[in-house]
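This report goes through one protein model, taking up a helix, the pockets and a few backbone details in turn.

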Amino acid sequence: MIDNESLGVSGVKPSGARIKVRVPGTSANCGPGFDCLGLACSIYNDLELTLLKEPKLIVETTGEGADSIPTDDKNIVWRSIKMLLERTKNGAEYKGAVIKMENHIPMSRGLGSSAAAIVAGIKAANAIVGSPFNRQELLQLATDIEGHPDNVAPALMGGFTVSVVDRGRVQTLSFLPKLPMNFVLAVPDFPLPTWQARQGLPKEVPIKDAVFNISRASMMVAALIKGKDRFFKNVFDDAIHQPYRKDLIPGLKEAIDSARKAGAMGAALSGAGPSVIAFTVEKQHVANDIASAMTQAFAEKNVKAKSMILKLDTRGAHIV
Ligand code: HSE
């Protein structure tokens, strides 16, 4: 059992190795690729992890979630670390941790903050215990913890990712597009937990909606790999999850439409929302116009949103 009394870091014996890991934020689905496509973007959480031989847990967070992230056994970074340690031979010697997080990824906004926490925890713990797990094994563990691979895969590997789960086994290919892209995010000021955004989804979808999505997701990947932006028209549209989520996000349709009008190739819910991500290959001033158009569209529905213009992260989680 972890002793969670509040101890200053100086009160802890340095009985374990320390490591620092940086993990990117992610945007899942990319419109039609529900639960299988994802991308890593240039916003980061840093974790400095010290594993301890004594049963103490100290969690210090600055930035996003500093006031709300659990500092006890419920902490997702710690739970992920424990799951990794339980699967290793020499993991048993570590019974506690000092977890210092510097978070920039907004929480519960569809930008992969929980995936980043999971990946940060297992990547750092794995390095401390001598890297017994390769990247594929870390991907599997992260997917088992998160429940789906579309955020943990790009968080771990960087780039755009395509993931397939077959009887619980996950496979992911990461690739870099031949086009330099900007991702314009409009991030509403309210959180939307993924479980809530999944509650209203149907158990089955009509075949025409399935074909709508399959064709667009496939075309998106082909066009990205070949660098053919003229094939991007409509590839970011979706028929199997966004229509069922629209009532949870006032202004969703208007933000997507306004992004297109301002010059985006397309736009979609980022992950389970509530953020909207727009895709553009144009210059910075077009990205700025798209950002203003989306925040204005949300404002007209009484939703306060902030904007961010991000690039693709090509590295994924790494030791710093
Ligand atoms: N594919 C997931 C969803 C992403 O849309 O529910 C959430 O992390």
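## Helix H6

In this predicted model, helix H6 covers residues 207-226, and its 20 residues, at 1.5 Å a residue, should span 28 Å, which agrees with the 28 Å that separates its end C-alpha atoms. Buried residues of H6 are Asp209, Asn213, Ala217, Met220, Val221, Ala223 and Leu224, and the elements that cover them include strand S2 (37-52), strand S5 (160-166) and strand S6 (169-175). Just after H6, Gly227 has a positive phi of about 70°.

Ile225 also belongs to helix H6, but this residue is partly exposed, because its relative accessible area of 41% falls between the 20% limit for buried and the 50% limit for exposed. Once neighbours within four places in sequence are set aside, Ile225 is in contact with Phe175 and Lys178. The C-alpha atoms of Ile225 and Lys178 are separated by 5.7 Å, although the two residues are 47 residues apart along the chain.

## The largest pocket

Where is empty space left in the model? Rolling a probe the size of a water molecule over the atoms shows this. The largest pocket holds about 760 Å³ of space and has a lining of 39 residues, with Ser113, Ser114, Ala115, Glu146 and Thr194 nearest its centre. By residue class, this lining divides into 17 nonpolar, 14 polar and eight charged residues.

Which elements each supply at least two residues of the lining of the largest pocket? They are helix H1 (76-86), strand S4 (96-103), helix H2 (113-128), helix H3 (135-146), helix H4 (149-157) and helix H5 (194-199), and H2 gives the most, with five residues.

## Asn151 in helix H4

Asn151 has its place in helix H4 and, with a relative accessible area of 9%, is buried, since the limit for that class is under 20%. The side chain of Asn151 makes a polar contact of 2.7 Å with the side chain of Thr26. Not counting residues up to four places away in sequence, Asn151 touches Thr26, Ser27, Ala28, Gly112, Ala115 and Glu146; of these, Ala115 and Glu146 are also among the residues that lie nearest the centre of the largest pocket.

## The second largest pocket

The second largest pocket contains about 230 Å³ of space, and its lining consists of Phe212, Asp237, Asp238, Gln242, Pro243, Lys246, Leu252, Lys253, Ile256, Asp257 and Arg260. Helix H7 (242-245) and helix H8 (252-261) are the elements that give two or more residues to this lining, and H8 gives the most, with five. The lining of the second largest pocket divides into four nonpolar, one polar and six charged residues.

## Backbone exceptions

Most residues other than glycine have a negative phi, and most peptide bonds are trans. Cys30, in the loop between strand S1 (18-28) and S2, has a positive phi of about 50° although it is not a glycine, and at 1% relative accessibility Cys30 counts as buried.

Asn302, which is found in the loop between helix H9 (284-300) and strand S10 (305-310), likewise is not a glycine and has a positive phi, of about 65°; Asn302 is exposed, with a relative accessible area of 74%. A cis peptide bond, with omega of about 10°, joins Gly273 and Pro274, and Pro274 is found in the loop between strand S8 (266-269) and strand S9 (276-280).

Notes. Residues numbered from 1 in each chain as written. Predicted model: local features only at pLDDT ≥ 70, side-chain atom pairs only at ≥ 80, totals over all residues. Heavy atoms only, no water. 1 Å grid on protein atoms, 1.4 Å probe; cavity = no way out; pocket = protein on both sides within 12 Å on 5 of 7 lines; lining within 4 Å. Points joined across faces, edges and corners; volume = space filled by probe spheres on them. Helix = DSSP H or I, 4+ residues; strand = E, 2+ residues; numbered from the N terminus. Nonpolar A, V, L, I, M, F, W, Y, C, P; charged D, E, K, R; others polar. Buried < 20%, exposed > 50% of the residue type's maximum accessible area, 1.4 Å probe, protein only. Polar contact = N/O pair within 3.5 Å; in protein donor to acceptor, adjacent residues only side chain to side chain. Contact = heavy atoms within 4.5 Å. Expected span 1.5 Å × (residues − 1).
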